[in-house]
Amino acid sequence: MEFFERPDNADGPVERAVLVHLELPDAAGQEDLDEFHHLVVSSGVTPVAEVTGRRDRPEPATYVGAGKVEEIAATVLEHEADVVLFNHALSPAQERNLERALKCRVLDRTGLILDIFAQRARTHEGRLQVELAQLRHLSTRLVRGWTHLERQKGGIGLRGPGETQLETDRRLVRERIRAIESRLLKVRSQRAQGRRARERAETPLISLVGYTNAGKSTLFNVLTQAEVYVADKLFATLDPTLRRVRVPGVGPAILADTVGFIRHLPHRLVDAFRATLEETLGASLLLHVTDSAAEERDRNVAAVDEVLAEISADELPVLHVYNKTDLAGEAPRIERDEQGRPWRVWVSARTGAGLDLLYEAMAERLATGWVDRWVRLPADAGRLRARLHEAGEVLSEDTDTQGGMLLRVRVNRIHFERLLRGEGLCEADVAVAAPVAGDDAPSYNPSRPRATGRD
């Protein structure tokens, strides 16, 4: 990346990196060294040394002071490092000056995240989004690859190839960016069509969001019986995945697994992945998954809320899912807000503990706008009965003495009324207060808690 070819680690030695981290007075912008170490390991690079320090403000030319540059250079020589990784955002000039002084590649936090994204992207859309983010990042750093060429000077015969090549590269990068943006616009249009189809079918969309490595994909696989890639790495999931699930008491829904967030996620990444994140904007419910065992749990929650606000998704209904209770030593449970609505559920996706409580909480949060009642259908309304089974969840079913069908249904109200109109009926024509087929008729009490399987 950035005119430096990254070695192929599949057949060769793993790259060795020196990590640089400064403590600055700005606590809000301070990066976490442990998280940076995890990012480096997730990228496939081996950290061989760490250089830390403290400054009142970054040095404009090299971010770190002259003495620290000498210390980093000595560390690079001592450990024969291939790259120096800064846990900060560097300007193009700072990267260029550091590479001249250190005689090796220098990459900042944004470049490292981009590199991880490039490794993780598997779908065509994901690769386009990563390439767009890389090109936008690279466009400010093109000058670095051509400093060895002659610069343009005024006058005939004094125009060297360096500046001409730079102009050519800038034009090619701009053209490629425009081409990718055009293709992603088509992807966004296709996603919008899919969302409109789901809206017509009145199928709720549940979107998993959360800090990277919080266990979203593990939870997604458990809830959908899918086989999404899972690994103990940051940004293991990059490409969005949608699967149909059935929520007991609600019916069919679409569950979306999305890219994980991170503190101070670069804006160019948010912009590049806006097409993916739009799945979050159309969600009926957000499941904000948090690693309950993480020391930085509260800061991670705040980081996700910050990104949600940036993409205008902070007003959507949210159910907090505190995952990994088996590691945190917490008991599975539902916590409710002042209105009695579930707002936090403690679960373990790995062991399955508390998943029944999660289903219960999702059903309650999705209950608005749903019909939950007994209906009586005439004997010749078999088509309507079949469509009610498809549209929602038929909780109980029986027949009356005249051969009519008694159903306890839970279905989206708008879709329910549409189905009835298709048969020339209205809700008053089919509604009954209670089953009349006998005392042993099935019944359903939505307020009755389900068995949890725990002592």
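This is a predicted model: local features need pLDDT of at least 70, side-chain atom pairs count only at pLDDT 80 or more; totals for chains, interfaces and linings use all residues.
Biologist: In which loop does N213 lie?
Modeller: Residues are numbered from 1 along each chain as its sequence is written, and side-chain values use heavy atoms, with hydrogens and water left out. Helices (H or I, at least four residues) and strands (E, at least two) are DSSP runs, numbered from the N terminus. On that basis, N213 is placed in the loop between β5 and α7 (216-224).

Biologist: What is the phi of N213?
Modeller: Most residues other than glycine have a negative phi. N213 is not a glycine, yet its phi is positive, at about 70°.

Biologist: Is Y63 buried or exposed?
Modeller: Y63 also has a positive phi of about 70° without being a glycine, and it belongs to the loop between β2 (46-54) and α2 (66-79). Buried means under 20% relative accessible area, exposed over 50%, and partly exposed in between (1.4 Å probe, protein chains only). Because its relative accessible area is 8%, Y63 is buried.

Biologist: How many helices and strands does the chain have, and what share of its residues is buried?
Modeller: The secondary structure amounts to 15 helices and 15 strands. For the 455 residues of the chain, the buried share is 49%.

Biologist: What share of the contacts in the chain joins residues at least 24 apart?
Modeller: A contact means heavy atoms within 4.5 Å. Among contacts between residues at least 6 apart in sequence, the share joining residues at least 24 apart is 70%.

Biologist: Which residues have the most contacts inside the largest nonpolar core?
Modeller: A nonpolar core is a set of buried Ala, Val, Leu, Ile, Met, Phe, Trp, Tyr and Cys residues joined through side-chain atoms within 4.5 Å. The largest such core holds 31 residues. Elements giving two or more residues to this core include β1 (16-23), α1 (33-42), α4 (109-120) and α10 (297-310). The residues with the most contacts inside the core are V40, L85, L112 and L308.

Biologist: Which residues does L308 touch?
Modeller: L308 is one of the residues with the most contacts inside the largest core. Leaving out residues up to four places away in sequence, L308 touches V209, F261, T280, L286, A313 and D314.

Biologist: Which residues does the second, separate core include?
Modeller: This second core is separate and has 28 residues. Its members include L219, L223, L285 and Y359.

Biologist: How many of the residues of α4 are buried?
Modeller: The expected span of a helix is 1.5 Å times one less than its number of residues, so the 12 residues of α4 should span 16 Å, in agreement with end C-alpha atoms 17 Å apart. The buried residues of α4 include R109, L112, F117 and R120. The helix is largely enclosed by the rest of the structure, because the number of its 12 residues that are buried is 10.

Biologist: What is the relative accessibility of E99?
Modeller: E99 is part of helix α3, and its C-alpha atom is 9.5 Å from that of V83, 16 residues apart along the chain. E99 counts as buried because its relative accessibility is 12%.

Biologist: How many disulfides does the count come to?
Modeller: A disulfide is a pair of cysteine sulfur atoms within 2.5 Å. C104 is buried, at 13% relative accessible area, whereas C426 is partly exposed, at 37%. By this rule, the number of disulfides is zero.

Biologist: Which elements have the lowest and the highest mean pLDDT?
Modeller: The mean pLDDT of the chain is 77, with 75% of its residues at 70 or more. The lowest mean among the elements, 64, is that of helix α8 (residues 267-272), and the highest, 95, is that of strand β9 (residues 318-323).

Key. pLDDT is the predictor's confidence in each residue, from 0 to 100.
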